[in-house]
Amino acid sequence: MARTMARSLAGPLLYLNLLMYLITLGFASWCLNKFINGQTNHPSFGGNGATMFFLIFAILASVLGIISKLLGANHLRAWRNDSLAAAGSTAIIAWAVTALAFGLACKQINIGGWRGWRLRVLEGFTIVLGLTQLLYVLMLHAGWFNSTYGPGYRDNEYGAGAPSGAGIGEKGTGYTGARV
């Protein structure tokens, strides 16, 4: 039961984050398009001095988050150490860039000024994603703290090795394995 606790908690969080990253990518792309076209006076846009930086980091965080969720879905399917390496590393990178976008969203709110509803929604989603992505990273790495919660970094439950009792270096075993 405890072996699948982190897996059962990380699954719904993965799909929630994937949906939120897709929504964030859509809103950030629309806002950046309006910003590049010089339509900052559009009724649902607005903005201030931090808008351009925030939009760039929001798009970057969204793309990295979506890729992270695809690798995370593969890890939840396999739930092994080798898939944990890919899912965990991309999740940490996605969280780091999301944390940067989180900071820029807070800065944009702090500067103030009129911001349209799409930009405010994007700020809100980015702030929530910064927290939920951190929870997702902790769920993926739960096996690091205790191996009963998921695949740890030192588990060797699988692999192609010598049969039990027959080591590669022992004489007279008749086993000729490749030395790596």
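Helices α1 (5-36), α2 (51-78), α3 (81-111) and α4 (117-140) each supply at least two residues of the lining of the largest cavity; helices here are DSSP runs of H or I of at least four residues, numbered from the N terminus. The model is predicted, so local features need pLDDT of at least 70 and side-chain atom pairs pLDDT 80 or more, while totals for chains, interfaces and linings use all residues. Residues are numbered from 1 along each chain as its sequence is written, and side-chain values use heavy atoms, without hydrogens and water.

**Cavity**
- The structure holds 1 cavity of 30 Å³ or more, a cavity being a set of points on a 1 Å grid over the protein atoms alone where a 1.4 Å probe fits but cannot get out.
- The largest cavity has about 40 Å³ of space, the volume being that filled by probe spheres set on the points, which are joined across faces, edges and corners.

**Lining**
- Tyr-21, Thr-24, Ala-58, Ala-61, Ser-62, Thr-98, Ala-101, Thr-126 and Leu-129 line the largest cavity; lining residues have an atom within 4 Å of a point.
- Helix α2 gives the most to this lining, with 3 residues.
- The lining has 5 nonpolar, 4 polar and no charged residues, where Ala, Val, Leu, Ile, Met, Phe, Trp, Tyr, Cys and Pro count as nonpolar, Asp, Glu, Lys and Arg as charged, and the others as polar.

**Ser-62**
- Ser-62 lies in helix α2 and is buried, with a relative accessible area of 0% (buried means under 20%, with a 1.4 Å probe and protein chains only).
- The Ser-62 side chain reaches the backbone oxygen of Ala-58 at 2.7 Å.
- Beyond its neighbours within four places in sequence, Ser-62 is in contact (heavy atoms within 4.5 Å) with Tyr-21, Thr-24 and Leu-25.

Definitions and conventions
On a 1 Å grid over the protein atoms alone, a cavity is a set of points where a 1.4 Å probe fits but cannot get out, and a pocket is an open set with protein on both sides within 12 Å along at least five of seven lines; lining residues have an atom within 4 Å of a point. Buried means under 20% relative accessible area, exposed over 50%, partly exposed in between (1.4 Å probe, protein chains only). A polar contact is a pair of N or O atoms within 3.5 Å; within protein, one must be able to donate a hydrogen and the other to accept it, and residues adjacent in sequence count only if both atoms are side-chain atoms.
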